[in-house]
Amino acid sequence: MLMLIAVCGAPVLAQEAGPVVSEFDLAEVADAPHGRTVDSVFYCNFDEGADADYARGNGRCAAIGGGGSAQGRWGQALACTAPDGLVVYNMERNIVARAGTLELWVRSAEGNIWADDQDRELLHLSSGLSGWMGDPDDVTAEFDARRRAISIEVTRLGADGAVHLLVHRGRTAPLDLSVPAADLSADDWHHVAISWDLRAQPALLWLTIDGAGAMAQVDEHMEPLPFTSLQLGNYHRLGDYQQPDVTKPLGGWIDDLHISDETLARRAAGYDGPRPGAIDEQFAMDAQDALRRWVDLWAELQTGGTWASWVFPRVNDETRLFFHIEAQPWPVSPMQAATKYGHPTEMATRFLRIWEATGDERCLQVAKNSAEFFLRAQQPEGHWLTAYLVDESGRVVPAGGSESARSYLPINDSYQNAPFVFLLDMYRATGDGRCFDAARRCADMLLEIENENGSWPGVYLLDRQMGVVTHTWDTRSGGEYNDGATSNPLRMMITMYHLTGDEKYIRGTHGAGPGGIGQWLFDTQLGEGDVRGWAQQYDDALKPAWARAFEAPLIRPWVLPRYVAPMCQWFHLMTGDERYVELTREAVAWLRSVEVPGEAGGWYDHYQPDGTPVHAAERQVIPLTGRDPSELPAGARPDRKGTDLTEAERWLQQLDELGPEAYGASLVRPVELTADELAERVLGAAETCRRLEAEQALREAVRSQRADGAWIEDDPQVGHKLAYAPPSRLLYYVISLSLARGVLPADTIATGGSGPWGPAGTWHGPPIADWFDVPIEP
């Protein structure tokens, strides 16, 4: 176990090598009760007993054990005077282990606890203790392999009259940072603060008494496991953290205990770093509470590492909720969880992002549960299926259960790339190699089944060893644009090339690889003359093919902005070939030329190669020439749904303004930030917070949340249901708030360059400075 102990004495580090110690002073120590503030994770003023007045994870955290009451510095204080006195708190989700500050006021009760020869225990923060953090055999423990059990203890040793901060790392000699205490007055209240930043390299430790003390820099990996308990006023017996050790009673009073998720760094005398300025602190706390209620709700609704396809509120609007369950012959009725569009991975990624921003360990646990689900659900060949049945034990089987279901390999609709990206995110966050291996297996499997021209089908049938056009069983595929069938695997190949350096991911199985996709963009263009457009899917002769009854083998307008224009951008960045730019310019110009003006305008659902508008329904192509759009059936009228040219036109405009070289350079971002770059982002995040605080829509979103943490939305298929996501502006606000306050780790902020998502997109996987530094021939 790693133990961190804060003790009083002149700055001393009782360790032979490693840490660098320096004096540290606070700019000021506020002479007033702290109360709850935006940085609070735990607060107790002891005026109404020992229970916490605020605990981020569980409200008013109840104290366990005995402690009396005494006159405090303000109001009442906790009396820790009995030899067997020990007060214990459950700290699950009530403290951030990676970084924070614990401060309190202490006074001698009888005699002088700062100057006698008795060892005195102030407090002890422990990790790795069973009882509050769940099953010690939790299958997600592998995610914690690089994290260390740390305990933080504040003790005054009678032998030297100092308060010591000890850090135990297994069986190695402990760190021992001390600050003098023997000259402290027995009749005065004294402010004691300890602070830690164990995510940093080097790790940082602080200890101050009445604003003066020391800071240590420790050049070793100290990423901590969660703290599980806080003990006040005594040390616990070995083997029983709720039983006191009568040899180390505090013999004093404690008042105004506050724990923050911020370190003491910005409170230092002479601090010259970024100062974000004022925010609306009450709204910030309301926003944090709203997001936390949403976290609690959806963490409870997770089953077997995933979520049901739909979740409905009960008709009587009680706070208890139930899943949409499909009856199956199981001992326990399972939940059906679809993986289409990456819904489970989007949900899990939200939890991962919230953990990164707030340090809430429950969010990380939810993300780990989801990763375990995808590791279990991955098929032997390396892919994921469309839907699974899951029960509370975590048992996962394919929905349908037959071999035909197992052999149906969906590539479109993010069935493969969404788990791929999420698992790489988890690999980055936790270092668990199983996640990286699973992502690589999926990429390798897709590499094996690519088409000869480098593209991918929407669906591959393993039992027949052939790719088919989506929604058909016998039309051999020559590649699909629809639902990212080709663009998503292309992203995956670029990613694996960067992560492994293996050129097989850009050569391809058949020698075409990504370069073949570049030519495929031209070979599948259907327009005649000035017309430029693409169908959604093609057969193996590169002739456009029918898919569903409304997906005709003709030009589909939205294929350009969704798939063709982004891939043209990527290939231009990778090869410098201007053909991709010109193809996009011509296609955008043609689409603008046939756009029906007005609010009710837009584009028809299909066009013939000569540009004639048509409508597809029931596998029929219906001519629309000469017909008044307002008199057409609803499905045949022009609209702008899905056909948004904004990003494509922005890319072309930026190319014209900057030139290709400068535009490419603008997408390169550092994977590590300098102090100036970090300061710039911190100040920018503060401005974002102030801008969002002024938005009435965000304030209304916070007010409209149900008491159980839910937001309700209308779904065209199922009616009222719980919204899977919190309001996007709320999540953006809380993450920006964490960045502005300095609690979002710098290695999370530096995500590298704009990745293969599209002209304005970012990649949330591994940090790569230049995603488009890929050796592909023009």
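Helices here are DSSP runs of H or I of at least four residues, strands are DSSP runs of E of at least two, and both are numbered from the N terminus. The model is a predicted one, in which local features need pLDDT of at least 70, side-chain atom pairs count only at pLDDT 80 or more, and totals for chains, interfaces and linings use all residues. Residues are numbered from 1 along each chain as its sequence is written, and side-chain values use heavy atoms, with hydrogens and water left out.

I then took the geometry of this pair. The axes of H10 (residues 559–575) and H11 come within 8 Å and cross at roughly 155°. Axes are lines fitted to C-alpha atoms, for helices over the stretch in contact, and angles run from 0 to 180 degrees between N-to-C directions. H10 and H11 are therefore roughly antiparallel to each other (under 35 degrees counts as roughly parallel, over 145 as roughly antiparallel, 65 to 115 as roughly perpendicular, the rest as oblique).

From H10, the contact takes in Leu 560, Ala 565, Cys 568, Phe 571, His 572 and Thr 575. From H11, it takes in Tyr 580, Val 581, Leu 583, Thr 584, Ala 587, Val 588 and Leu 591. Contact means heavy atoms within 4.5 Å. I sorted the residues of the H10–H11 contact by class and got 10 nonpolar, three polar and no charged. In this scheme Ala, Val, Leu, Ile, Met, Phe, Trp, Tyr, Cys and Pro count as nonpolar, Asp, Glu, Lys and Arg as charged, and the others, Gly among them, as polar.

Next I checked H11 (residues 579–593) against H12 (residues 646–658): their axes come within 10 Å and cross at roughly 130°. H11 and H12 are therefore oblique to each other, and their crossing is left-handed. H11 contributes Tyr 580, Val 581, Thr 584, Arg 585, Val 588 and Arg 592, while H12 contributes Ala 648, Glu 649, Trp 651, Leu 652, Leu 655 and Asp 656. I count by class seven nonpolar, one polar and four charged residues in the contact of H11 with H12.

**Strand S9**

I asked how many residues of S9 (residues 86–90) are buried. Five of its five residues are buried, and the strand is mostly covered (buried is under 20% relative accessible area, exposed over 50%, partly exposed in between, with a 1.4 Å probe and protein chains only). Leu 86, Val 88 and Asn 90 point one way from S9, Val 87 and Tyr 89 the other way.

I traced the pairing of S9 next; two strands pair if DSSP finds at least two bridges between them. S6 (residues 64–66) pairs with S9 in the antiparallel sense over three bridges, and S18 (residues 227–232) pairs with S9 in the antiparallel sense over four bridges. Val 88 stands opposite Ile 64 and has Gln 231 as its bridge partner in S18.

**Sheet S32-S33-S34**

I found three strands forming an open sheet in the order S32-S33-S34, with antiparallel pairing. S32 (606–607) and S34 (620–623) stand at the edges with a single partner strand each, so one side of each is left without a neighbour in the sheet. Two bridges join S32 to S33 (residues 613–617), and His 606 has Val 614 as its bridge partner in S33.

**Single residues**

I looked up Ser 370 in H3 (residues 361–377). Ser 370 is buried, with a relative accessible area of 0%. Leaving aside neighbours within four places in sequence, I list its contacts as Gln 302, Gly 305, Trp 307, Ala 348 and Phe 422. The C-alpha atoms of Ser 370 and Thr 345 are separated by 7.6 Å, at 25 residues apart along the chain.

I noted Ser 414, which is not a glycine but has a positive phi of about 65°. Ser 414 is in the loop between S27 (408–410) and H5 (417–430) and counts as buried at 19% relative accessibility. His 471, also not a glycine, has a positive phi of about 70°. His 471 lies in the loop between S29 (466–468) and S30 (477–480) and counts as partly exposed at 47% relative accessibility.

**Whole chain**

The protein chain has 17 helices and 36 strands, and buried residues make up 58% of its 778 residues.

Note on methods: A crossing is left-handed if the near helix is turned anticlockwise from the far one by less than a right angle, and right-handed if clockwise.
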